[in-house]
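Welcome! Please have a look at the sequence and the model before reading on.

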Amino acid sequence: MDFSYLTVLPRGRQIWDYVVFPEEEFEARGARVAELLEALGLDGLVVYSDALSRRYVSYLTNYCNSVSWSCSICLLTGSEPPRVISSMAPRDITYNQKSLAPGVELNAIGLGMLSNHAVARKTVDYMREHGLLEKRWGGVNIGALNEEGRRALYDGLPRLPDCTDAFDRVLSRKDPAELFAISQAAALAQKAATDYLRMAVPGSSEREIAARIDRQMRAFGVDHIAILVSAGKDSRLCLHQPQDYIIEAGDTVSVHVDVLYLHYNGLYGGTMYRGVPDEGRAAFYRGAEEVFQGALGKMDRDRRLDGGNSLEDGYMLACGIGADTREAPVQGALETGSTVTLTMCRRSAQYGDVLMAGTYAVDDTGIHVMGGPGVDRIFHKA
């Protein structure tokens, strides 16, 4: 497959100025959905998305809810282009049409803070007007609608089986184009995290460094970057938004970066100690690395994702990644073609917190890091 359309963008351009995936990619995805419909004995799927579940509608449309409180419902069949009913404002139509999949029909109903029930009602009205209510439909992510929205949808479609798990399994099987995009996002997340740690010199503030990283990533064409940090000499397990804290000599600095690039996410996290670690601190760091690698090895051996786990001195979190940062599966069998993240944070009242996170691809031979070999996750600099 030709990956030439996946490129780093010139400074000042946005990913929305370009078609993100070629038409052949959407044809391949449509074929997978058609296979699913045949297996389920259905004519189509009613698919709901909001800011927390963008992957569902965007899979066959590349439609992205323009603001955090907007939502959309997509009607998918095996034979017709996707139809989207969305709460987007009319001024935002151009924003999405630059990257919409070919043939997508977009219906905007106007933007409102609590508009998902209106989208549900409009969807039922649309289906009634176009003679679609008599078809055999299944629902995807309908449980994420509020109560009024679900009531409006089920009034028109009283027999709507939940097909979310089956649709999740389709989405978890990434093809080469998706794997390439996620790999690029992971590489950019890794660069942002390691650059943050390199810039974390005594006298600089968390907010100042994060602003530099944000500007740098925008120049690479990144659409969204989330940076969480922690710096200090004591235990502060919870990462936070960059603040005005001034980094000091002897601080343990951690950073967790999530990047959205070409509609796909990549994640990376690491820790740096400003100084030369003594024997006790070095042993703590080695132990953290061993715990992280052990968890990764267990995932590899068991071919299973166990979700979140509490550690005696911290936490471990594993989940799927793709068009969403926490994409299904959160737990369950790991299938070839899926992509996952593993994040670990360990607390030490004496040495500060240690964070490690990475993005991985699963194939027949095992679990492999995405985004390049990178550098050590824990390192020190005098």
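Q: Which residues meet where helix H1 packs on helix H6?
A: From H1 come Arg-32, Val-33, Leu-36 and Leu-40, and they meet Ala-166, Phe-167 and Val-170 of H6. Contact here means heavy atoms within 4.5 Å, and helices (H or I, at least four residues) and strands (E, at least two) are DSSP runs, numbered from the N terminus. By class, this contact has six nonpolar residues, no polar ones and one charged. Ala, Val, Leu, Ile, Met, Phe, Trp, Tyr, Cys and Pro count as nonpolar, Asp, Glu, Lys and Arg as charged, and the others, Gly among them, as polar.

Q: Before we go on, what kind of model is this?
A: This is a predicted model, in which local features need pLDDT of at least 70 and side-chain atom pairs count only at pLDDT 80 or more, while totals for chains, interfaces and linings use all residues. Residues are numbered from 1 along each chain as its sequence is written, and side-chain values use heavy atoms, with hydrogens and water left out.

Q: How do I read the packing of two helices?
A: Two packed helices are described by the angle between their axes and the distance between the axes. Here, H1 (residues 23–40) and H6 (residues 164–172) pack at an angle of about 150°, and their axes are 11 Å apart. Axes are lines fitted to C-alpha atoms, for helices over the stretch in contact, and angles run from 0 to 180 degrees between N-to-C directions. H1 and H6 are therefore roughly antiparallel to each other; angles under 35 degrees count as roughly parallel, over 145 as roughly antiparallel, 65 to 115 as roughly perpendicular and the rest as oblique.

Q: Is H6 mostly covered or mostly exposed?
A: H6 is mostly covered, with seven of its nine residues buried. Buried means under 20% relative accessible area, exposed over 50%, and partly exposed in between (1.4 Å probe, protein chains only). Among the buried residues of H6 are Thr-164, Asp-168 and Leu-171. The buried residues of H6 pack against several elements, including H1, helix H2 (55–61) and strand S13 (339–346).

Q: How do I read a sheet, and in what order do the strands stand here?
A: Strands of a sheet pair through backbone hydrogen bonds, either parallel or antiparallel. In this model, five strands form an open sheet in the order S4-S3-S2-S1-S5, with mixed pairing. Strand S4 (105–108) and strand S5 stand at the edges with a single partner strand each, so one side of each has no neighbour in the sheet. From one strand to the next, the twist averages 20°.

Q: How many bridges link the neighbouring strands S1 and S2?
A: Strand S1 (residues 44–50) and S2 pair in the antiparallel sense over seven bridges; two strands pair if DSSP finds at least two bridges between them. Val-47 stands opposite Cys-74 of S2. S2 also pairs with strand S3 (residues 83–86), antiparallel over four bridges, and a hairpin of five residues joins S2 to S3. S3 and S4 pair in the parallel sense over four bridges, and Arg-83 stands opposite Glu-105 in S4.

Q: What about the two faces of S2?
A: In a regular strand the side chains alternate between the two faces of the sheet. Both faces of S2 are covered: Cys-71, Ile-73, Leu-75 and Thr-77 are buried on one side, and Ser-72, Cys-74 and Leu-76 are buried on the other.
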